[in-house]
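Reader: I am new to this structure and would like to learn how to read it feature by feature. Could you give me the general idea each time, and then the case at hand?

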Amino acid sequence: MEHIIALDAGLNKYQPLKKIICYDDFDKGLKGWMDLHPNYVGKDFNTLRYSHVDKTQWGPLMLSSASFRLAGTHGSMDGTFSLKLSTRPVANKYTEAPAPGSLSHGIKRLTTHLPKGLRQYEMWYAYTPEQDRQGLSEQAMRAFGVFFDIQDDEYRYFIGARYVNAVDGEMVRRWQIFQAKDVTDVEWAYGVENDWCKMGIDAMWYGKRYPDGSTDGFEWIPDGYQDLCYNESDDKINWSYLRLLIDTEKREYVELQSGSKTFDLRGTKPTLTAPYARIKGLFNPSMWVENDTDRRVFFFADSVLISGE
Amino acid sequence: MRHFQASAVERRVLFKNQVSSHPMEAGWAAEAIFFLIVEEVDGVNAVLNAAVEISADGINWIPEGSVFPSIDKPGHYFCKVTNFGNWLRVSGHIHGEEGEVKASVHLHLKS
């Protein structure tokens with residue numbers, strides 16, 4: 001009997017590595033992606049220890065038809081529904097720790113099953129703020145990013161990219177990668193002793209922040225300036241492509257592709273941290289968005305493809 | 001099989017005077033149930049009257065008609081709604097002197 005493999009036509013907009021770990025088209029549901037929450041292991045299911053950053057209020061995820069007040073339904077790149085991340089309408093100035101709810105995180109919780117080697121995160125995405133006022137609000141989104149949270153036998157590390165769109169109302173438009181400055185755990189956690197996050201962990205909200213958009217948790221990509229296609233109105237979204245290629249054997253970045261631009265990151269390393277308890281083999285793809293002002297900012301993912309060699 | 005999502009829309013928030021939950025899109029779903037998980041009710045004669053609201057744009061809200069029972073003590077409460085279009089939220093007023101409610105809002109969606 002002859003067997004023919006027929007691949008989903010939606011895969012044609014991607015260039016996966018040889019083994020597809022997951023192909024998540026959000027027209028088929030949430031596909032295992034969910035909100036990021038802290039650990040409710042304390043008394044009365046509260047969090048256990050004090051943290052300078054309140055992680056219990058991040059904005060919720062939902063399946064969105066990308067429908068707008070004047071234009072109606074945008075749909076997604078392929079189909080009608082996309083995964084929507086949404087911040088709450090609260091923000092702090094950039095140099096303060098992020099306000100509760102000023103970020104929204106999506107996470108999918110996996111473990112490693114392939115031998116160490118290349119891994120790739122691909123996504124078609126769009127973003128815009130809630131269209132609650134007149135004008136054009138390209139600067140309402142502070143940043144978005146994608147990463148893998150990985151723990152192997154020796155280290156835990158975050159490896160990913162962040163696009164800094166605007167800082168306190170001023171456009172920046174530059175890419176960064178996860179790589180921490182050599183600071184202490186206490187400096188990392190805004191001066192809090194014995195915080196859950198050690199240096200290098202959770203740079204989305206930890207690591208001192210500076211007025212130019214840099215932080216102690218990220219490094220700028222050389223020549224990492226890029227204009228993205230925001231479009232001319234808060235209700236016009238263009239689907240854009242993002243690809244992050246990493247090597248889990250070398251524990252290094254390989255390259256970042258955003259649209260038609262590829263940044264060579266070979267030899268660049270993430271920050272390696274001592275392993276945490278009970279997460280051996282962790283392999284969590286994640287995405288997040290942060291607002292720059294007291295507004296809801298939306299980040300839409302049409303689909304995500306995680307692959308390995 | 002049906003599609004399903006249980007979302008923790010508001011998590012242990014201390015509401016003063018007004019309750020309103022984060023706008024959720026639910027265009028893919030045929031039925032929705034909002035749960036109000038009330039942990040604390042404080043103030044003199046504090047009562048929360050909450051209702052479901054729908055919207056054309058996620059920004060301007062209209063009472064849909066479905067209402068929660070009056071809430072004056074901790075507990076689990078629910079409100080069902082169908083034929084809601086795309087946007088859903090819970091909105092309500094806390095009556096009484098210095099009325100405060102600590103609550104979570106969960107939304108269960110099913111297609």
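Reader: Is A:His52 buried, partly exposed or exposed, and how is that decided?

Author: The idea is to count neighbours: a residue is buried if 20 or more other C-beta atoms lie within 10 Å of its own, exposed if 12 or fewer, and partly exposed in between, with C-beta atoms placed from the backbone. A:His52 has 14 other C-beta atoms within 10 Å, and so A:His52 is partly exposed. Please keep in mind that this is a predicted model, in which local features need pLDDT of at least 70, side-chain atom pairs count only at pLDDT 80 or more, and totals for chains, interfaces and linings use all residues. Residues are numbered from 1 along each chain as its sequence is written, while chains are lettered from A and ligands numbered from 1 in the order in which they are written.

Reader: Where is A:His52 found, and which residues does A:His52 touch?

Author: Strands (E, at least two residues) and helices (H or I, at least four) are DSSP runs, numbered from the N terminus. A:His52 is in the loop between strand 2 (34–35) and strand 3 (62–64) of chain A. Two residues are in contact if their C-beta atoms, placed from the backbone, lie within 7 Å; leaving out residues up to four places away in sequence, A:His52 touches A:Ala97, A:Ala189, A:Tyr190 and A:Val192.

Reader: How many helices and strands does chain B have?

Author: Chain B has 0 helices and 7 strands, and read along the sequence its pattern is β-β-β-β-β-β-β. The radius of gyration, taken over C-alpha atoms, can be set against the globule rule, which is 2.2 Å times the number of residues to the power 0.38. For chain B the radius of gyration is 14 Å, close to the 13 Å that the rule gives for 111 residues, so chain B is as compact as a globular protein of that length. Of these 111 residues, 37% count as buried.

Reader: In which sense do strand 4 and strand 6 of chain B pair, and over how many bridges?

Author: Two strands pair if DSSP finds at least two bridges between them. Strand 4 (residues 31–55) of chain B and strand 6 of chain B pair in the antiparallel sense over 8 bridges, with B:Glu31 opposite B:Thr82 and B:Val38 opposite B:Gly75. Strand 6 (residues 75–82) is hardly covered, since the count of buried residues among its 8 residues is 0.

Reader: Which strand pairs with strand 4 of chain B over 21 bridges?

Author: That is strand 7 (residues 87–110) of chain B, again in the antiparallel sense, and in strand 7 B:Ser104 is the bridge partner of B:Ile37. Strand 4 of chain B is also joined by 4 bridges to strand 5 (residues 61–67) of chain B, and these two run antiparallel; here B:Ala51 has B:Val67 as its bridge partner. The hairpin of strand 4 and strand 5 of chain B has 5 residues between the strands, and in this hairpin B:Gly58 takes a positive phi near 75°.

Reader: How many residues does the largest nonpolar core have?

Author: In soluble globular proteins, nonpolar side chains tend to be buried together. A nonpolar core is a set of buried Ala, Val, Leu, Ile, Met, Phe, Trp, Tyr and Cys residues joined through C-beta atoms within 7 Å. The largest one has 102 residues, and those with the most contacts inside it include A:Tyr127 and B:Leu36. The largest share of this core, 10 residues, comes from strand 4 of chain B.

Reader: How many residues of chain B are in contact with chain A?

Author: There are 15 residues of chain B in contact with 17 residues of chain A. Strand 1 of chain B gives the most to this side of chain B, with 6 residues.
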